[in-house]
Amino acid sequence: MGNAKKEQPGSPSPKPQKQQGATVIDMASMRCKADGCNKKSTRADFCEEHFEWFKMGLITREGKRAADFEKKFQQYMNQQKKAA
Ligand SMILES: [Zn+2]
């Protein structure tokens, strides 16, 4: 007997990391996916405004800007003017 391990100073025992990801992801899924938007998602992971953007093809399902965002955004703005 007497086979106990000696604790070495300066080497803290690894603590098991608690996983909190599930809660965070759940919260994030309630938010609009569009870049820089923190509004609550109301439709298909977007807020009302960005859901329109998504429908118009301005942003992808992931909330990224489309390749030809500038052009589509101009068209979108023109439509908004006409609708008003
Ligand atoms: Zn949004």
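Two residues are in contact if their C-beta atoms, placed from the backbone, lie within 7 Å. Among contacts in this chain between residues at least 6 apart in sequence, 15% join residues at least 24 apart.

This is a predicted model: local features need pLDDT of at least 70, side-chain atom pairs count only at pLDDT 80 or more, and totals for chains, interfaces and linings use all residues. Residues are numbered from 1 along each chain as its sequence is written.

**Confidence**

pLDDT is the predictor's confidence in each residue, from 0 to 100. Its mean over the chain is 81. A value of 70 or more is reached by 71% of the residues. Confidence is lowest in helix 1 (residues 21-28), at a mean of 51. It is highest in helix 2, at 94. Where pLDDT is low, the predicted coordinates should not be read in detail.

**Overall layout**

The chain has 3 helices and 0 strands. Along the sequence the pattern is α-α-α. Helices (H or I, at least four residues) and strands (E, at least two) are DSSP runs, numbered from the N terminus.

Burial is judged by counting neighbours. A residue is buried if 20 or more other C-beta atoms lie within 10 Å of its own, exposed if 12 or fewer, and partly exposed in between, with C-beta atoms placed from the backbone. Of the 84 residues of the chain, 11% count as buried.

Helix 2 covers residues 48-56. Its buried residues are H50, W53 and F54. Seen down the helix axis, these buried residues fall within an arc of 100°, so they line one face of helix 2. The arc is that of the directions from the helix axis to the C-beta atoms. Just after helix 2, G57 takes a positive phi of about 85°.

W53 and F54 also belong to the largest nonpolar core. Such a core is a set of buried Ala, Val, Leu, Ile, Met, Phe, Trp, Tyr and Cys residues joined through C-beta atoms within 7 Å. Leaving out residues up to four places away in sequence, I59 touches A34, H50, W53, F54, K64, R65 and A66.

**The loop between helix 1 and helix 2**

A44 is found in this loop. Its phi is near 45°, a positive value in a residue other than glycine. A44 is exposed, with 11 other C-beta atoms within 10 Å. Not counting residues up to four places away in sequence, A44 touches F51 and F54.

D45 lies in the loop between helix 1 and helix 2 as well. Phi of D45 is near 70°, again positive in a residue other than glycine. D45 is partly exposed, with 19 other C-beta atoms within 10 Å.

**The loop between helix 2 and helix 3**

A66 sits in the loop between helix 2 and helix 3. With 16 other C-beta atoms within 10 Å, A66 is partly exposed. Setting aside neighbours within four places in sequence, A66 is in contact with G57, L58, I59, T60 and K72.

E62 is found in the loop between helix 2 and helix 3 too. E62 counts as exposed, with 9 C-beta neighbours inside 10 Å.

**Helix 3**

Helix 3 spans residues 69-83. At 1.5 Å a residue, its 15 residues should span 21 Å, and its end C-alpha atoms are 21 Å apart, which agrees. The expected span is 1.5 Å times one less than the number of residues. The number of buried residues in helix 3 is 0, so it lies largely in the open. Q75 lies in helix 3. It is partly exposed, with 13 other C-beta atoms within 10 Å.

**Pairs across the sequence**

| Pair | Apart in sequence | C-alpha to C-alpha distance |
|---|---|---|
| E62 and K33 | 29 residues | 6.4 Å |
| A44 and C32 | 12 residues | 8.7 Å |
| Q75 and M56 | 19 residues | 9.1 Å |
| A66 and F54 | 12 residues | 9.5 Å |
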